[in-house]
Amino acid sequence: MDRIEITATPEDAGQRLDAFLGARAEGLSRSRAKALIEEGAVSVDGKAETNARAPVRSGSLYVIDLPPPVPAEPQAEAIPLDILFEDDHLIVLNKPAGMAVHPAPGSETGTLVNALLAHCKGTLSGIGGVERPGIVHRIDKLTSGILVAAKTEAAHTGLAALFERHDIERMYLAVTRGAPRPLSGTIDGAIARSIGDRKKMSVHRNPESPAARRAVTHYRTAETFGVRDKQSHLPAAALVECRLETGRTHQIRVHMTHIGNPIVGDPVYGRQSSLAALGSGPAHTAALDAVRSFPRQALHAAVLGFVHPVTGQTLRFEAPLPDDMSGLITALRALPKD
């Protein structure tokens, strides 16, 4: 990783940080400087600075840690795929947890795009004039489940229109800390990038703000596990079905945290690693250990349904829970409920 160090002079004081870095760092544009700031790659006197508008301080040391460049064109990689459906126009697959969708710093290879370039070689008619798969929606790297990609321009345009109109059935399964109250309902909370941490999203206090985008999640508690305490008898954890009306970045993770039920294992929005649950004995210990050691957010894209944008065929796919989430649920079922 390359590093750029710049000490601000009295003449630099008061400038916007992104403008200052864009002007002083050789080969760095203001827009690139802003992106690096928001990604947490810039520090001031040893402390991270994620506000691109922060005023420059005379005498301060500004350090930019440049991530390694991502290849301009992803390379095809022969990676096995769990394909649920494929025709000349699109492909539907069950993505494993741990696989990123697009190449990015930290995940330059082994992504879904790399795998699709190899699998679909010679069958891609071109998206925007380039032989590449058309990704119209994403699943977080640590989330498993169903995703559709276009192989042709017509399919890409049609799928994008379906998602824009919210004319897609999408149901996720999540294991949460505690259970939602009420057990079923709708979360209608506009989502924007968090002011305190630019890598996170949050429900915006003002839904009319231009920075916020409306987000709606319909949920239903499918099963509850254990109890928190003798006084409330509230569940210690739950399996929740979440149906997306909209599709915003981290929507389910942000919404479930917003109502007080973060997803087990979530490294960004989960506030604790343990679980408050009554009980004792080996089964109780095993359940709590399963929660503490779960290596990702317990979130799975279980259902995807839509009308084929080219053939008009009604398609609906279901993907069973992966082994890690099934094992977690089995362990939680052993928690006593009284």
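## Terms and model

Contact means heavy atoms within 4.5 Å. Helices (H or I, at least four residues) and strands (E, at least two) are DSSP runs, numbered from the N terminus.

This is a predicted model, in which local features need pLDDT of at least 70, side-chain atom pairs count only at pLDDT 80 or more, and totals for chains, interfaces and linings use all residues. Residues are numbered from 1 along each chain as its sequence is written, and side-chain values use heavy atoms, with hydrogens and water left out.

Four strands form an open sheet in the order 1-4-2-3. Their pairing is antiparallel; two strands pair if DSSP finds at least two bridges between them. Strand 1 (2-7) and strand 3 (47-48) stand at the edges. Each has a single partner strand, so one side of each is left without a neighbour in the sheet.

Strand 2 (residues 42-44) runs antiparallel to strand 3, and two bridges join them. Ser43 has Ala48, in strand 3, as its bridge partner.

## Helix 2

Helix 2 spans residues 30-38. Its buried residues are Ala33, Leu36 and Ile37. Buried means under 20% relative accessible area, exposed over 50%, and partly exposed in between (1.4 Å probe, protein chains only). These residues cover an arc of only 100° around the axis, which puts them on the same side of helix 2. The arc is that of the directions from the helix axis to the C-beta atoms.

What do the buried residues of helix 2 pack against? They pack against helix 1 (17-24), strand 2 and strand 4 (61-66). Just after helix 2, Gly40 takes a positive phi of about 85°.

## Aromatic pairs

A search of the whole structure finds three aromatic pairs. Rings of Phe, Tyr and Trp (its six-membered ring) pair if their centres lie within 6.5 Å; planes under 30 degrees apart count as stacked, over 60 as edge-to-face and the rest as tilted. The rings of Phe20 and Tyr62 have centres 5.3 Å apart and planes at 65°, so this pair is edge-to-face. Phe20 lies in helix 1 and Tyr62 in strand 4, so the pair ties together parts 42 residues apart in sequence. Both Phe20 and Tyr62 are buried.

Phe85 and Phe317 have ring centres 5.8 Å apart and planes at 45°, so their pair is tilted. This pair links distant parts of the chain. Phe85 is in strand 5 (residues 83-86) and Phe317 in strand 16 (residues 314-318), 232 residues apart. Phe317 is buried, with a relative accessible area of 10%. Phe85, Phe306 and Phe317 form one aromatic cluster.
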